[in-house]
Amino acid sequence: MRLSGKTAVITGGTRGLGRVIAESYVAEGCRVLLGGRDIDAVADLVDKYPDQLASRHLDVRDPDSVDRLLQAAVDRFDGLDIVVANAGMSAPGRVAGLSLEDWAATFETNVTGTFLTVRAALKYLPAHGGGSVITMSSAMATRVAPGASAYCASKAAIEMLTRVAAVESAAQGITVNCLAPGIIDEGMGRALASNAVVWAKYSQKLASGRPGTADEVAAAAVFLVGNDSRYINGHVMEVNGGLDW
Ligand SMILES: NC(=O)c1ccc[n+]([C@@H]2O[C@H](COP(=O)([O-])OP(=O)(O)OC[C@H]3O[C@@H](n4cnc5c(N)ncnc54)[C@H](OP(=O)(O)O)[C@@H]3O)[C@@H](O)[C@H]2O)c1
(Lines give C-alpha, C1' and ligand atoms only; values in the text may rest on other atoms or scores of the structure.)
Protein backbone atom coordinates (compact mmCIF):
# COMPACT_ATOMS: atom_id res chain seq x y z
CA MET A 1 0.00 0.00 0.00
CA ARG A 2 2.59 2.54 -1.15
CA LEU A 3 0.01 5.23 -1.96
CA SER A 4 -2.30 4.74 0.98
CA GLY A 5 -4.30 7.85 1.88
CA LYS A 6 -3.30 9.74 -1.27
CA THR A 7 -5.54 11.14 -4.00
CA ALA A 8 -4.61 11.14 -7.69
CA VAL A 9 -6.01 12.69 -10.84
CA ILE A 10 -5.22 10.88 -14.09
CA THR A 11 -6.00 12.49 -17.43
CA GLY A 12 -6.78 10.17 -20.32
CA GLY A 13 -7.79 7.41 -17.96
CA THR A 14 -10.66 6.08 -20.03
CA ARG A 15 -8.59 3.39 -21.75
CA GLY A 16 -5.05 2.25 -22.47
CA LEU A 17 -2.19 3.07 -20.12
CA GLY A 18 -4.14 5.62 -18.06
CA ARG A 19 -6.76 3.06 -17.14
CA VAL A 20 -4.13 0.50 -16.09
CA ILE A 21 -2.20 3.10 -14.07
CA ALA A 22 -5.48 3.98 -12.32
CA GLU A 23 -6.07 0.38 -11.26
CA SER A 24 -2.47 0.10 -10.03
CA TYR A 25 -2.90 3.24 -7.93
CA VAL A 26 -6.14 1.88 -6.45
CA ALA A 27 -4.33 -1.37 -5.60
CA GLU A 28 -1.75 0.72 -3.72
CA GLY A 29 -4.46 2.36 -1.60
CA CYS A 30 -4.83 5.58 -3.62
CA ARG A 31 -8.12 7.32 -4.40
CA VAL A 32 -8.34 8.14 -8.12
CA LEU A 33 -10.31 10.56 -10.22
CA LEU A 34 -10.09 9.69 -13.91
CA GLY A 35 -10.68 12.24 -16.66
CA GLY A 36 -11.45 11.75 -20.33
CA ARG A 37 -14.10 12.40 -22.93
CA ASP A 38 -15.56 8.89 -23.05
CA ILE A 39 -16.18 8.34 -19.35
CA ASP A 40 -18.83 5.67 -20.07
CA ALA A 41 -15.85 3.47 -20.91
CA VAL A 42 -14.83 3.35 -17.22
CA ALA A 43 -18.29 2.77 -15.73
CA ASP A 44 -17.14 -0.76 -14.86
CA LEU A 45 -14.18 0.56 -12.86
CA VAL A 46 -16.36 3.05 -10.98
CA ASP A 47 -18.71 0.17 -10.08
CA LYS A 48 -15.78 -2.01 -9.04
CA TYR A 49 -14.20 0.57 -6.71
CA PRO A 50 -17.12 2.80 -5.60
CA ASP A 51 -15.25 4.34 -2.66
CA GLN A 52 -11.88 4.74 -4.33
CA LEU A 53 -12.42 5.61 -7.99
CA ALA A 54 -14.56 8.16 -9.80
CA SER A 55 -14.62 9.68 -13.27
CA ARG A 56 -15.37 13.10 -14.74
CA HIS A 57 -15.66 14.40 -18.27
CA LEU A 58 -12.45 16.12 -19.35
CA ASP A 59 -11.09 17.75 -22.46
CA VAL A 60 -7.43 18.55 -21.80
CA ARG A 61 -7.50 21.24 -24.49
CA ASP A 62 -9.88 23.32 -22.37
CA PRO A 63 -8.33 25.08 -19.33
CA ASP A 64 -11.65 25.29 -17.48
CA SER A 65 -12.26 21.60 -17.98
CA VAL A 66 -8.83 20.77 -16.55
CA ASP A 67 -9.34 23.05 -13.53
CA ARG A 68 -12.79 21.53 -12.91
CA LEU A 69 -11.26 18.04 -12.84
CA LEU A 70 -8.71 18.94 -10.17
CA GLN A 71 -11.32 20.80 -8.12
CA ALA A 72 -13.60 17.76 -8.39
CA ALA A 73 -10.85 15.57 -6.93
CA VAL A 74 -10.48 17.92 -3.96
CA ASP A 75 -14.27 18.04 -3.47
CA ARG A 76 -14.79 14.29 -3.76
CA PHE A 77 -11.71 12.98 -1.94
CA ASP A 78 -10.83 15.96 0.25
CA GLY A 79 -7.32 16.54 -1.05
CA LEU A 80 -4.95 16.15 -3.98
CA ASP A 81 -1.46 14.62 -3.97
CA ILE A 82 -0.77 13.24 -7.45
CA VAL A 83 -1.50 14.41 -10.99
CA VAL A 84 -0.72 12.22 -13.99
CA ALA A 85 -0.85 14.13 -17.30
CA ASN A 86 -1.32 11.04 -19.43
CA ALA A 87 -3.82 12.06 -22.14
CA GLY A 88 -2.32 11.98 -25.60
CA MET A 89 -2.92 11.28 -29.27
CA SER A 90 -0.98 10.61 -32.42
CA ALA A 91 -1.69 11.81 -35.97
CA PRO A 92 0.64 9.99 -38.36
CA GLY A 93 2.29 11.77 -41.27
CA ARG A 94 5.65 12.55 -42.76
CA VAL A 95 6.62 16.22 -42.60
CA ALA A 96 6.15 16.84 -46.33
CA GLY A 97 2.56 15.65 -46.30
CA LEU A 98 1.39 16.50 -42.79
CA SER A 99 -1.63 18.80 -42.69
CA LEU A 100 -1.59 21.87 -40.49
CA GLU A 101 -4.75 20.51 -38.87
CA ASP A 102 -3.03 17.28 -37.81
CA TRP A 103 0.05 19.16 -36.56
CA ALA A 104 -2.11 21.58 -34.56
CA ALA A 105 -4.38 18.84 -33.17
CA THR A 106 -1.37 16.86 -31.94
CA PHE A 107 0.17 19.89 -30.25
CA GLU A 108 -3.15 21.03 -28.80
CA THR A 109 -3.76 17.69 -27.08
CA ASN A 110 -0.22 16.59 -26.24
CA VAL A 111 1.62 19.84 -25.51
CA THR A 112 -1.11 22.33 -24.57
CA GLY A 113 -3.08 19.60 -22.77
CA THR A 114 -0.02 18.63 -20.73
CA PHE A 115 0.83 22.28 -20.05
CA LEU A 116 -2.71 23.00 -18.81
CA THR A 117 -2.68 19.89 -16.61
CA VAL A 118 0.74 20.63 -15.09
CA ARG A 119 -0.19 24.30 -14.61
CA ALA A 120 -3.39 23.32 -12.79
CA ALA A 121 -1.44 20.80 -10.68
CA LEU A 122 1.00 23.52 -9.62
CA LYS A 123 -1.96 25.66 -8.59
CA TYR A 124 -3.77 22.97 -6.59
CA LEU A 125 -0.96 20.91 -5.07
CA PRO A 126 0.70 23.63 -2.92
CA ALA A 127 -2.60 24.19 -1.11
CA HIS A 128 -2.60 20.50 -0.16
CA GLY A 129 0.99 20.16 1.04
CA GLY A 130 2.83 19.55 -2.22
CA GLY A 131 2.83 16.34 -4.22
CA SER A 132 3.88 14.59 -7.40
CA VAL A 133 3.26 15.20 -11.07
CA ILE A 134 3.96 12.78 -13.91
CA THR A 135 3.92 13.74 -17.57
CA MET A 136 3.84 11.25 -20.43
CA SER A 137 6.46 11.32 -23.14
CA SER A 138 7.58 8.48 -25.42
CA ALA A 139 10.72 6.83 -26.72
CA MET A 140 9.91 8.82 -29.85
CA ALA A 141 10.72 12.12 -28.11
CA THR A 142 14.41 11.42 -28.57
CA ARG A 143 14.49 9.02 -31.55
CA VAL A 144 13.71 9.62 -35.21
CA ALA A 145 10.51 7.87 -36.29
CA PRO A 146 9.71 8.69 -39.94
CA GLY A 147 5.97 9.22 -40.31
CA ALA A 148 5.49 10.39 -36.72
CA SER A 149 6.82 13.95 -36.99
CA ALA A 150 4.13 15.75 -35.01
CA TYR A 151 4.06 13.09 -32.31
CA CYS A 152 7.87 13.03 -31.91
CA ALA A 153 8.05 16.83 -31.74
CA SER A 154 5.18 17.07 -29.26
CA LYS A 155 6.75 14.52 -26.92
CA ALA A 156 10.11 16.32 -27.05
CA ALA A 157 8.29 19.48 -25.95
CA ILE A 158 6.69 17.62 -23.03
CA GLU A 159 10.09 16.45 -21.77
CA MET A 160 11.46 20.01 -21.62
CA LEU A 161 8.26 21.34 -20.08
CA THR A 162 8.72 18.69 -17.37
CA ARG A 163 12.30 19.72 -16.59
CA VAL A 164 11.44 23.41 -16.32
CA ALA A 165 8.34 22.80 -14.20
CA ALA A 166 10.37 20.54 -11.88
CA VAL A 167 12.96 23.20 -11.14
CA GLU A 168 10.33 25.91 -10.77
CA SER A 169 8.22 24.00 -8.24
CA ALA A 170 10.65 21.94 -6.14
CA ALA A 171 10.64 24.58 -3.38
CA GLN A 172 6.91 23.98 -2.92
CA GLY A 173 7.46 20.30 -2.20
CA ILE A 174 6.40 19.19 -5.66
CA THR A 175 8.24 16.78 -7.95
CA VAL A 176 7.57 16.74 -11.69
CA ASN A 177 8.85 13.71 -13.56
CA CYS A 178 8.17 12.13 -16.92
CA LEU A 179 7.60 8.60 -18.18
CA ALA A 180 8.85 7.73 -21.66
CA PRO A 181 7.44 4.32 -22.60
CA GLY A 182 8.76 2.43 -25.62
CA ILE A 183 6.50 0.06 -27.55
CA ILE A 184 3.85 -1.15 -25.13
CA ASP A 185 1.28 -3.82 -25.92
CA GLU A 186 -1.56 -1.57 -24.81
CA GLY A 187 -3.26 1.54 -26.12
CA MET A 188 -1.70 3.19 -29.14
CA GLY A 189 1.39 0.94 -28.93
CA ARG A 190 -0.65 -2.21 -29.51
CA ALA A 191 -1.12 -1.35 -33.19
CA LEU A 192 2.67 -1.16 -33.58
CA ALA A 193 3.31 -4.39 -31.69
CA SER A 194 0.68 -6.30 -33.68
CA ASN A 195 1.64 -4.95 -37.13
CA ALA A 196 3.97 -7.56 -38.67
CA VAL A 197 5.88 -5.07 -40.85
CA VAL A 198 6.34 -2.48 -38.10
CA TRP A 199 7.18 -5.10 -35.50
CA ALA A 200 9.81 -6.74 -37.75
CA LYS A 201 11.59 -3.38 -37.89
CA TYR A 202 11.30 -2.33 -34.26
CA SER A 203 11.83 -5.74 -32.65
CA GLN A 204 15.42 -5.73 -33.93
CA LYS A 205 16.08 -2.61 -31.88
CA LEU A 206 14.52 -3.99 -28.70
CA ALA A 207 17.01 -5.65 -26.38
CA SER A 208 14.19 -7.31 -24.46
CA GLY A 209 12.82 -8.84 -27.68
CA ARG A 210 9.23 -8.11 -26.71
CA PRO A 211 6.91 -5.16 -26.27
CA GLY A 212 6.36 -3.89 -22.76
CA THR A 213 3.17 -4.46 -20.81
CA ALA A 214 0.91 -1.80 -19.37
CA ASP A 215 1.64 -3.19 -15.90
CA GLU A 216 5.34 -2.49 -16.42
CA VAL A 217 4.58 1.14 -17.21
CA ALA A 218 2.16 1.35 -14.28
CA ALA A 219 4.86 0.02 -11.92
CA ALA A 220 7.09 2.95 -12.90
CA ALA A 221 4.14 5.32 -12.48
CA VAL A 222 3.64 4.05 -8.93
CA PHE A 223 7.34 4.45 -8.11
CA LEU A 224 7.51 8.04 -9.41
CA VAL A 225 4.73 9.25 -7.10
CA GLY A 226 5.67 7.27 -3.98
CA ASN A 227 7.94 8.05 -1.08
CA ASP A 228 10.83 6.01 -2.55
CA SER A 229 11.27 8.59 -5.34
CA ARG A 230 10.96 11.75 -3.21
CA TYR A 231 14.43 13.03 -4.26
CA ILE A 232 13.91 12.30 -7.98
CA ASN A 233 12.82 15.44 -9.80
CA GLY A 234 12.85 16.59 -13.41
CA HIS A 235 13.73 13.07 -14.54
CA VAL A 236 12.63 11.38 -17.76
CA MET A 237 12.30 7.68 -16.99
CA GLU A 238 12.47 5.42 -20.04
CA VAL A 239 10.40 2.24 -19.78
CA ASN A 240 11.36 0.44 -22.96
CA GLY A 241 13.13 -2.83 -22.20
CA GLY A 242 16.38 -1.49 -23.64
CA LEU A 243 16.11 0.25 -26.98
CA ASP A 244 19.13 0.17 -29.30
CA TRP A 245 17.91 3.05 -31.46
N1 LIG B 1 0.95 2.71 -25.62
C2 LIG B 1 2.21 3.00 -25.92
O3 LIG B 1 2.95 2.14 -26.46
C4 LIG B 1 2.79 4.35 -25.58
C5 LIG B 1 4.16 4.53 -25.78
C6 LIG B 1 4.73 5.77 -25.47
C7 LIG B 1 3.95 6.78 -24.95
N8 LIG B 1 2.60 6.58 -24.77
C9 LIG B 1 1.83 7.70 -24.22
O10 LIG B 1 1.03 7.24 -23.15
C11 LIG B 1 -0.17 8.03 -23.08
C12 LIG B 1 -1.38 7.09 -23.10
O13 LIG B 1 -1.37 6.43 -24.36
P14 LIG B 1 -2.21 5.11 -24.67
O15 LIG B 1 -1.33 4.22 -25.43
O16 LIG B 1 -2.88 4.63 -23.46
O17 LIG B 1 -3.26 5.73 -25.71
P18 LIG B 1 -4.82 5.53 -25.88
O19 LIG B 1 -5.23 4.14 -25.57
O20 LIG B 1 -5.13 6.08 -27.23
O21 LIG B 1 -5.43 6.45 -24.74
C22 LIG B 1 -5.32 7.85 -24.84
C23 LIG B 1 -6.11 8.46 -23.70
O24 LIG B 1 -6.02 9.89 -23.84
C25 LIG B 1 -7.32 10.43 -23.74
N26 LIG B 1 -7.45 11.67 -24.50
C27 LIG B 1 -7.09 11.91 -25.78
N28 LIG B 1 -7.43 13.17 -26.11
C29 LIG B 1 -8.00 13.73 -25.01
C30 LIG B 1 -8.57 15.00 -24.72
N31 LIG B 1 -8.62 15.98 -25.65
N32 LIG B 1 -9.06 15.22 -23.49
C33 LIG B 1 -9.02 14.24 -22.54
N34 LIG B 1 -8.51 13.02 -22.75
C35 LIG B 1 -8.01 12.77 -23.98
C36 LIG B 1 -8.24 9.35 -24.27
O37 LIG B 1 -9.52 9.50 -23.69
P38 LIG B 1 -10.86 9.95 -24.47
O39 LIG B 1 -10.71 9.56 -25.91
O40 LIG B 1 -11.94 9.21 -23.73
O41 LIG B 1 -10.92 11.43 -24.27
C42 LIG B 1 -7.57 8.08 -23.72
O43 LIG B 1 -8.02 7.81 -22.42
C44 LIG B 1 -0.12 9.00 -24.24
O45 LIG B 1 0.36 10.25 -23.81
C46 LIG B 1 0.86 8.34 -25.19
O47 LIG B 1 1.48 9.27 -26.05
C48 LIG B 1 2.01 5.40 -25.08
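This note reviews the cavity and pockets of the structure above.

1. The model is predicted, so local features require pLDDT of at least 70 and side-chain atom pairs pLDDT 80 or more, while totals for chains, interfaces and linings use all residues. Residues are numbered from 1 along each chain as its sequence is written, and side-chain values use heavy atoms, with hydrogens and water left out.

2. On a 1 Å grid over the protein atoms alone, a cavity is a set of points where a 1.4 Å probe fits but cannot get out, and lining residues have an atom within 4 Å of a point. The largest cavity holds about 30 Å³, a volume being the space filled by probe spheres set on points joined across faces, edges and corners.

3. Lining the largest cavity are T11, V60, A85, A87, T109, N110, G113, T114 and T117. Helix α4 (residues 100–124) gives the largest share, five residues; helices are DSSP runs of H or I, at least four residues, numbered from the N terminus.

4. The largest pocket (an open set with protein on both sides within 12 Å along at least five of seven lines) has about 1,100 Å³ of space. Of its 47 lining residues, G88, M89, S90, Y151 and M188 lie nearest the centre. At least two lining residues come from each of α1 (16–27), α5 (149–169), α6 (188–193) and α7 (196–203).
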